Amino acid sequence: MAAHILLDGSGPATTARLSPGAPGHAATALLATGFRPGRTGTYRLPSWYRADEGYLAVKALHLLADETGMDIDHADRPGLTTLADRIAHRLPGTWTAKITRLTRRVWQEDLAACVWDHHGVLHRALAEHRVPRAAILTDEQRHQLVVIDRPGHPGRLLAAPLAGSGFEDLSAAGIAAAGLPAPDAISLPRDPARAAAALARRLLPHQLQMLHALRVVELEHALRQGQAALAAWDAVSDSLCDAAGQPLDENAYGARQRRRDTQVWDHYRTFLRHAPELLGHVETLNPRILAGHPEARHLTWRLDRLRGALNAGERILHAWQQEVQRMRTVPDPGLHIPYEEAVAERNAEAWTYMDDVLAHGPVLVQLARLHPTSPPPGPHRARRHSRHRLAPASRPVGQSAKPVSRRR
């Protein structure tokens with residue numbers, strides 16, 4: 001990732017060079033602010049410019065870049081594009097940086113809505129100041145941070161977590177209702193090494209702790225709703241059959257069964273989205289968690305069954321997404337009929353694995369609740385709310401939920 005315009009020098013001695021792939025209006029901006037092309041591919045200010053005129057020309061170029069979504073880098077003072085790349089390369093794990101250009105105010109407001117801490121300094125900066133660009137840092141697990149130039153503080157940056165990782169639709173009110181503290185935005189120096197160290201020490205641990213607690217809440221909700229769908233099916237299934245257990249009306253029975261399967265699939269997808277991270281965490285701690293546990297072998301078997309159900313679900317979900325894409329390209333006016341049939345086939349293929357998730361998912365939730373991620377160091381340690389505000393597990397670890405009939 002490279003800036004569109006690279007500057008060197010200062011005042012009237014400032015030179016500019018276009019990076020490969022720079023948009024056409026980058027050259028136009030240089031010409032409009034007084035720069036003139038030279039023989040070596042560089043742009044220079046006229047030799048007769050005074051110091052104040054050179055300063056104003058560079059300032060005008062920066063203002064024009066903010067309005068048109070261009071990125072400017074300086075040899076001595078790297079811009080956000082270069083800084084974000086260098087910070088990402090220094091963070092633990094594998095991170096990538098991408099610049100989002102906020103040339104319209106509404107785009108800036110959209111970004112502000114995705115910042116978890118709706119009362120923090122970064123959210124206020126997006127709400128009260130003109131912020132022309134932001135860097136989005138993403139790791140291999142889809143955790144996201146946003147970094148911006150701090151308005152009014154040329155030597156500082158601001159960083160905060162974004163509501164990614166499957167929580168894109170979770171509002172600040174939803175976080176508050178769950179009793180979870182939003183990670184605070186922090187101020188960073190423009191030195192990439194110090195900025196990355198501050199993120200790794202002060203922000204990332206708190207973000208991971210919150211994500212862990214949120215995933216526990218999401219999986220608990222999915223389990224309750226999935227088991228409720230099965231209980232509702234049990235409540236009506238007998239009334240749809242005769243004394244020998246045969247459906248009185250095949251169409252009515254099948255329609256009600258398909259409705260149940262679709263409801264369970266929706267909650268199964270919640271597990272596919274959030275359970276792998278929790279399961280990986282629990283499996284990392286497995287020897288310590290299970291040491292001396294009277295049901296260690298049984299718990300290991302149940303976690304293995306859950307892992308198999310998640311792996312199979314990922315395969316089925318991938319195939320389903322490809323099938324949906326294929327159906328969207330078929331101009332068939334009666335497509336709703338084969339679509340309903342495809343949904344039924346998908347649910348039938350996934351049913352065994354959905355059943356395993358509802359049966360063995362409570363073990364994962366209880367273990368994840370009992371063994372949260374490490375609390376963040378430093379000032380966040382005193383605000384460690386999430387593991388205490390969540391309700392305690394209602395059953396001992398390893399004890400499954402109340403059995404529910406799962407007759408096909």
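Modeller: A charge sits over a ring if NZ of Lys or CZ of Arg is within 6 Å of the ring centre and within 35 degrees of the ring normal. The model is predicted: local features need pLDDT of at least 70, side-chain atom pairs count only at pLDDT 80 or more, and totals for chains, interfaces and linings use all residues. Residues are numbered from 1 along each chain as its sequence is written, and side-chain values use heavy atoms, without hydrogens and water.

Biologist: What makes R346 count as lying over the face of W320?

Modeller: R346 is 4.6 Å from the ring centre of W320. The limit is within 6 Å, so the distance passes. R260 is placed over the face of W351, at 4.2 Å from the ring centre.

Biologist: How many aromatic pairs does a search of the whole structure find?

Modeller: Three. One of them joins W48 and Y49, with 4.9 Å centre to centre and 65 degrees between the planes.

Biologist: Why is the pair of W48 and Y49 called edge-to-face?

Modeller: Rings of Phe, Tyr and Trp (its six-membered ring) pair if their centres lie within 6.5 Å; planes under 30 degrees apart count as stacked, over 60 as edge-to-face and the rest as tilted. At 4.9 Å the rings pair, and 65 degrees is over 60, so the pair is edge-to-face.

Biologist: Is W48 buried or exposed?

Modeller: Buried means under 20% relative accessible area, exposed over 50%, partly exposed in between (1.4 Å probe, protein chains only). W48 has 61%, so W48 is exposed. Y49 has 19%, so Y49 is buried.

Biologist: What makes the pair of W320 and Y339 tilted?

Modeller: The planes are 50 degrees apart and the centres 5.7 Å. W320 lies in helix α10 (residues 296–328) and Y339 in helix α11 (residues 336–370), so the pair ties together parts 19 residues apart in sequence. W320 is buried at 9%, while Y339 is partly exposed at 38%.

Biologist: Which residues are buried in α2?

Modeller: G54, A57, V58, L61 and A65. They cover an arc of only 95 degrees around the axis, which puts them on the same side of α2. The arc is that of the directions from the helix axis to the C-beta atoms. On the other side, Y55, L56, L63 and E67 are exposed.

Biologist: Why would such a spacing give one side?

Modeller: An α-helix has 3.6 residues a turn, so residues three or four places apart point the same way.

Notes
Helices (H or I, at least four residues) and strands (E, at least two) are DSSP runs, numbered from the N terminus.
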